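Hi,

Here is the structure I promised to pass on. Have a look at it, and then read my notes below.

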Amino acid sequence: MAITLYHNPRCSKSRQALALLEEHGAEVTVRRYLDEPLNEEELRDLMSRLDADGERLVRTQEAEWQEVDDTDLQDQEQVIAALLRFPKLLERPIADDGKRAVIGRPPEDVLALLHAHD
């Protein structure tokens, strides 16, 4: 079972999540979402597999948030519009096995995808 990790290599939590998955023998495909942003369809698909609302999915502490801080984090359409405009606002890391996705905060949370297939 391949896991896609939406990864920012400059983020320590993202690096920790990648290392944990690799240590546990997971087949990981890394997607550097800042270099290759998700399109609208990909964002919708990912969000449908995440058990998280906009408040967990959006990094409101980033400077870019000031540009879209009128976004209602409970409104999926507004969250998608903000993330399309500023990919940096997407929380990281996110591990996705195609059926379920989890935010790696803390990084150990990504291991839940491995246990789901035991």
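**What I found**

Let's start with Thr71, which sits in the loop between helix H3 (54–57) and H4. Helices here are DSSP runs of H or I with at least four residues, strands are E runs of at least two, and both are numbered from the N terminus. Thr71 is buried, with a relative accessible area of 13% (buried means under 20%, with a 1.4 Å probe and protein chains only). Leaving aside residues up to four places away in sequence, Thr71 touches Trp65, Gln78, Val79 and Ala82 (contact means heavy atoms within 4.5 Å).

A word on the background: this is a predicted model, where local features need pLDDT of at least 70, side-chain atom pairs count only at pLDDT 80 or more, and totals for chains, interfaces and linings use all residues. Residues are numbered from 1 along each chain as its sequence is written, and side-chain values use heavy atoms, with hydrogens and water left out.

Next, two peptide bonds to look up. Most peptide bonds are trans. The one from Arg92 to Pro93 is cis, with omega near -15 degrees, and Pro93 lies in the loop between helix H4 (76–85) and strand S3 (94–96). The bond from Arg105 to Pro106 is also cis, with omega near 5 degrees; Pro106 is in the loop between strand S4 (101–103) and helix H5 (112–115).

Happy browsing!

Note on methods
Buried means under 20% relative accessible area, exposed over 50%, partly exposed in between (1.4 Å probe, protein chains only).
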